[in-house]
Amino acid sequence: MKQMQLQLNNWEFRACGDDAWLPAAVPGTVHTDLLRNELIPQPFYGKNEHELQWIDKKDWEYRTVLQLDEEWQRLAVTELVFAGLDTYADIFVNDIHALSADNMFRSWTVNVKALLRTGDNEIRVRFRSVVQEDLPKLERLGYALPAPNDQSELGGLGEQQISVFARKAPYHYGWDWGPRFVTSGIWREAVLEGRDSVKVSDLYIRQNAVTAAEARLTAVVEVDSPAGWDGLLRISSGGQEWMKSVSVQPGKQILELEAVVDQPRLWWCTGLGEPNLTAFCAELLQGGEAIAQAEVTTGLREIKLVRQPDERGASFYFELNGVRVFAKGSNHIPNDSFSTEVTEERYRHEIASAARSNMNMLRVWGGGIYEEDVFYRLCDEYGLLVWQDFMFACSMYPGDEHFLKSVREEAEYNVRRLRNHPCIALWCGNNEMDSAWAHYEDNIGWGWKEKLSQDIRETLWKDYEAVFHHILPEAVAAGHPDVDYWASSPLRDLTGDANQHATRIAGEGDVHYWGVWHSSEPFENYNDKVGRFMSEYGFQSFPELKSVLSYAEESDMELESEVMLAHQKNGRGNLLIKEYMDIYLPQPKDFRGFLYMSQILQAEAMRIAIESHRRNKPYCMGTLYWQMNDCWPVASWASMDYYGRWKALQYTVRKSFQELMLSIVSADGENLEVHAVSDRQEAVAGVLQIRLQDSSGAVLQEWSERVTLAADSSGIVFTAGLAGLLEGRDPGRVLLTASFLAGDVLLAHSRHYFVSAKEIALTAPALAVEEVPGSGGLSFTVTSDVLARGVYLTAEEEGIFSDNFFDLLPGETKTVEFFLRGNAAEDFIPAAPKGLEIHSMADYVNGSLL
């Protein structure tokens, strides 16, 4: 009994009709193959994106040759398996058509035994242009389907937006943070598999009921056999075994075996416990020997989305192993416009950055891809929950029979592929489509339906409901029943009336709040615009200078230069940053100063938002800012740029997401409140220390009292009148510091300025750096002779600091460590920083402010 597998390597590619074949990388894309062959310039540099739009108008083909010996001919089944084809593809084996594919988001398998021969076998994959394939579909439809992020004009298509017709990553067509590169290629691995006996084609550990006492499970085993087979099925894990006799029929069938694990090692998200993982093995035994087997690693846990009516609407929170979770995290987009370029090291850097930033959740947003297995494996290992969107975003889609069938197969495939990952906390149908269309209320959504006739409106809504209220939830219920489904984000509830749409903040469902940024509302509105679960909100900044210089020349260093506008996909984005900067911050002295100040501005906006959401616990039980990462170097909402370099926001998030947080606000303009938030599952006792200081560091008033923070709580721990605090002093020269200590250990810290940063006079500081004795250079201290704002550390090597962009008063000492960026096997490595430089806000603003 034999099973064989052969990786398909040594590929070549060409444009259809060309004579010359060129070397290609698989997995890969046409764009990256053209780049490696030096046939196109670097796509991300300057305005090169605009010059490369010809690529998606052509057909492309790939080929490789397999050398097979006679042993392959003796196998009962030989299958060609493509884990991912992007997107419209025809596969030929020895010039005979074997398969046509039309969905990027699923694997494709075809039995090719009859097409193969001993010796050389040519496998050829022809990719039809998505543009040429889908333009006729738009013409036949007779009206445009809403797809506002489709940058069709940049692609030379005018107003012909076709992104919705292909089951392909929506962001390939452009987004308000990403370029338009409509790729094609063999984007996941390709293999030839052969066997002459039964195989285990899938193993799913269904978690029926999980507690600390026991985990009641069902091993769901899919077997595929060329002939009937009788034997034993054995499931094993951690020294335990479960067995039963089975009789297998030819073809595919499902076998189930119940299992109970006593005293299971539960999987927890970061902050609540260890993300313990448990391995399971399924074996088919004959005569005591295993003739086929499969292994999976999962985490034993119970995850629920809890939506219970209460006096303010209905709750919206995740419960893990019976413990309520306040979700702290961000929205994830693909790490590259060419996703095959993302290495395991890049995935690890992102996930490790999220964990180090005290996050416990990432939302895989619906305009990208169902991520690679390594992404979810790392989330499992680091204890990050995943809110998983299906790949639909900000558009309305066709509803013809073929399209719906393709969507159903895509959903079933990806649910099955990801369901053993304990990180998966929720399946969500789409991004923003319910609220954008707003079917049950006119003139309230994004204005899509108002442009269409009533008949077309009803047709599109019927098609919408077919996908998001039937096909997708049915796929989740059948394939992953221990995880909940949510139809759209944002959404209030599936009520079938105007109360369904999250077009305004209400006391139920999740919220995308974009009043700050898109509607130019002030940062202070974050304190009032709070829902039950804040699944999107954000503010833009530029990447650091080193990253900007990767796509721009010195001559491009102007806010409205052609290159800066090409790397700003959100219309007025650059001017919006400047308008907000004019309100809240000192004027930067030059463009380099603008880059730095934009990061300070972004971090302050998100600090206000996150603190507001956490102060409102348990009414609000989740805060996921937009966005974690970038797919190319660009001005965007990301907290770390395309190269993985942490912006000021990432450091601010790390502090704002700590399990113990102090937040200082003046809610009514007359009083100052200090709030304490604890995500710990037990009470915390300590001393609250409040100091009113001037900008020289001198203590003007001081309060100290013992405080006990209840488990999983939020509340006010100090209140004082502003007039009594200031006592006629210049508010621009005083500040208030709150600290929560257990003995000499600082548990939480916050600082409050009584005026905006633009009203605080700055003096150029003398910043001193000294190595901590005995640290071997791994730790150093920073001090200042005057108030230093936004102290900014840089090093020659890629890495992160334990803190950055921080404020210092005279007399304060900040201890900092540096960590080199890791690799595929480990995340951050302690090191002495080489070429350490230190700056502060005073270095970047106009001299008149100093």
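Two strands are taken to pair if DSSP finds at least two bridges between them, and the legends below apply this to close-up views of a predicted model.

**View 1. An open sheet of three strands, in the order 44-42-47, is held in antiparallel pairing.** Strand 44 (806–808) and strand 47 (837–839) stand at the edges with a single partner strand each, so that one side of each is left without a neighbour in the sheet. Neighbouring strands of this sheet are turned by 40° against each other on average, with direction ignored. Strand 42 (residues 788–794) meets strand 44 in the antiparallel sense over two bridges, and within this pairing valine 791 stands opposite phenylalanine 806 of strand 44. Strands of a sheet pair through backbone hydrogen bonds, either parallel or antiparallel.

**View 2. An open sheet of four strands runs in the order 36-35-38-39, again with antiparallel pairing.** The edges are formed by strand 36 (699–709) and strand 39 (745–753), each of which pairs on one side only. Strand 38 (residues 734–742) pairs with strand 39 in the antiparallel sense over eight bridges, and the bridge partner of threonine 737 in strand 39 is arginine 751.

**View 3. Strand 4 (residues 60–68) pairs with strand 2 (residues 11–15) in the antiparallel sense, and strand 4 also pairs with strand 10 (residues 119–127) in the antiparallel sense.** Between strand 2 and strand 4 there are four bridges, and here phenylalanine 13 stands opposite tyrosine 62 in strand 4. The pairing of strand 4 with strand 10 extends over nine bridges, and leucine 66 has asparagine 121 of strand 10 as its bridge partner. In a regular strand the side chains alternate between the two faces of the sheet.

**View 4. Helix 14 (residues 591–615) and helix 15 (residues 648–656) have axes that come within 8 Å and cross at roughly 20°.** Angles under 35 degrees count as roughly parallel, and helix 14 and helix 15 are therefore roughly parallel to each other. The crossing in which helix 14 passes helix 15 is right-handed.

**View 5. The second largest pocket holds about 1900 Å³ of space.** Of the 50 residues that line this pocket, those closest to its centre are Ser201, Asp202, Asp373, Tyr413 and Arg417. Helix 7 (residues 401–418) supplies the largest share of the lining of the second largest pocket, with six residues. By residue class, the lining of this pocket divides into 17 nonpolar, twelve polar and 21 charged residues.

**View 6. The largest cavity has a volume of about 70 Å³.** Rolling a probe the size of a water molecule over the atoms shows where empty space is left. The count of cavities of 30 Å³ or more comes to seven. The lining of the largest cavity is made up of Asn335, Arg346, His349, Asn629, Asp630, Met640, Asp641, Tyr642, Tyr643, Gly644 and Arg821, and these residues divide into three nonpolar, four polar and four charged.

Technical notes:
Residues are numbered from 1 along each chain as its sequence is written. This is a predicted model: local features need pLDDT of at least 70, side-chain atom pairs count only at pLDDT 80 or more; totals for chains, interfaces and linings use all residues. Side-chain values use heavy atoms; hydrogens and water are left out. On a 1 Å grid over the protein atoms alone, a cavity is a set of points where a 1.4 Å probe fits but cannot get out, and a pocket is an open set with protein on both sides within 12 Å along at least five of seven lines; lining residues have an atom within 4 Å of a point. Grid points are joined across faces, edges and corners, and a volume is the space filled by probe spheres set on the points. Ala, Val, Leu, Ile, Met, Phe, Trp, Tyr, Cys and Pro count as nonpolar, Asp, Glu, Lys and Arg as charged, and the others, Gly among them, as polar. Axes are lines fitted to C-alpha atoms, for helices over the stretch in contact, and angles run from 0 to 180 degrees between N-to-C directions. Angles under 35 degrees count as roughly parallel, over 145 as roughly antiparallel, 65 to 115 as roughly perpendicular and the rest as oblique. A crossing is left-handed if the near helix is turned anticlockwise from the far one by less than a right angle, and right-handed if clockwise.
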